[in-house]
Amino acid sequence: MKTRRRMVPTALVATALMACAAVAAPSASAGPTSGTVPSADAVPTLSLPEPTGPFPVGMKPIHLVDADRADPWRPEERRELMVSVWYPAVPYGEPAAYTSETVSAAIVESANLPVPRDILTTVETYSYDRAPALPGRRPLVVLSPGAGLSRESLTSLAEDLASRGYVVAGVDHTYEARAVELPDGSVAGCLLCERENSAEVGAWVTRGRALDISFILDELTHGRLWRHGPAVDARHIAVVGHSLGGSAAAAAIVDDRRVDAGVNMDGTFQVDFPETGTGRPFLMLGSSSHEPGASDGTDWPDNRARLGVTGLWLQVPTANHGSFTDQLMFLDQLGVPLPGDTVAGVRGVTITNAYVGAFLDRHLRGQDAPLLDGPSGAYPEVEFQDVP
């Protein structure tokens, strides 16, 4: 396989609600500008799609501290992580918050959008705050967001998976999101966003995130997570990531034998798979920016070839980099014109939830998933990419 210099390109959705202006993975097309966003006195309501599974969903934020590991960004500190856990639950209590006022304000300010600073706190979720879990051990899915993005950027996917019977842990990688609010009220800013884009930074952060994920598995796979909380089936674990989080998912499945399946949603592989692959199923779900001949696309064909029969590459040519998150859905609801024929708003989330859900159902539960067997009339935007 040929070698190449990998950069962590500037975010093309830099004016999006969840964008990091300095570091992110590539997009299929340029994003909108802040000048197209409606004025603050005409902001519409932001909403999430209803989950498709049969179970009501609970959500609880938890705070984890790795006493054995120094923080890679601030070695004088122990590594602290905020994690949102979504799970099948008794439908009881108040709706869970989408995010906090502090995080919402940091995201809006970084994007320079003329909308209320607390706009993301108005998003109504389909989760019940700290609701009692339904009985039974359930497969665990860890979600890693893109560079500069917070864990709430994957809420639609998390709620949908939880409604289908999974325990889902969305991670804030401290100092790698625009803002991470800790229980004592302190806020960790985005030190990653201040770094120069380079292959070395991308690989270093990817490996650090893989360590975060392994620590989270240590913490979450010892029975019931809290009193009346969900119980995790440690024999069935997946890691799913967007952008830089997708690179971390690839590193995690290589480094941690507990990970049974992985998904990279539109992320550059900052660290290659071994020549022999992983021996475990891995889904590559992305935009056309990774196809053969694309400016930053060579790492996807190479890594797909390394995976062999355990890999699956699905491409959505009309997707933007933010189509696999809540980002474009909210921009669409705000009335921001999307570039070209970009798959719009909730459709991108619908596609993501359907294919990631089918992949996990097949490989964590052994269920039939015909959606993965070939093109579907229900999702004509999705193409099955052959290995060159």
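This report covers the salt bridges of a predicted model.

## Basis

Local features require pLDDT of at least 70 and side-chain atom pairs count only at pLDDT 80 or more, while totals for chains, interfaces and linings use all residues. Residues are numbered from 1 along each chain as its sequence is written, and side-chain values use heavy atoms, with hydrogens and water left out.

## Salt bridges overall

The whole structure holds 17 salt bridges (a side-chain nitrogen of Lys or Arg within 4 Å of a carboxyl oxygen of Asp or Glu).

## A buried pair

Arg79 and Glu176 form a salt bridge, with an N to O distance of 3.6 Å. The two residues lie 97 residues apart and link distant parts of the chain: Arg79 is in strand E2 (residues 78–88), and Glu176 is in the loop between strand E5 (167–172) and strand E6 (179–181). Strands are DSSP runs (E, at least two residues) and helices likewise (H or I, at least four), numbered from the N terminus.

Arg79 is buried at 0% relative accessibility, and Glu176 is buried at 2%. Buried means under 20% relative accessible area, exposed over 50%, and partly exposed in between (1.4 Å probe, protein chains only).

## Partly exposed pairs

Asp218 and Arg258 form a salt bridge, their closest N and O atoms being 2.8 Å apart. This pair also links distant parts of the chain, 40 residues apart, with Asp218 in helix H3 (residues 199–220) and Arg258 in the loop between helix H4 (244–255) and strand E9 (261–265). Asp218 is partly exposed at 34%, as is Arg258 at 29%.

## Network

Salt bridges with shared partners connect Arg69, Asp71, Arg79, Glu176, Arg209 and Asp212 in one network.
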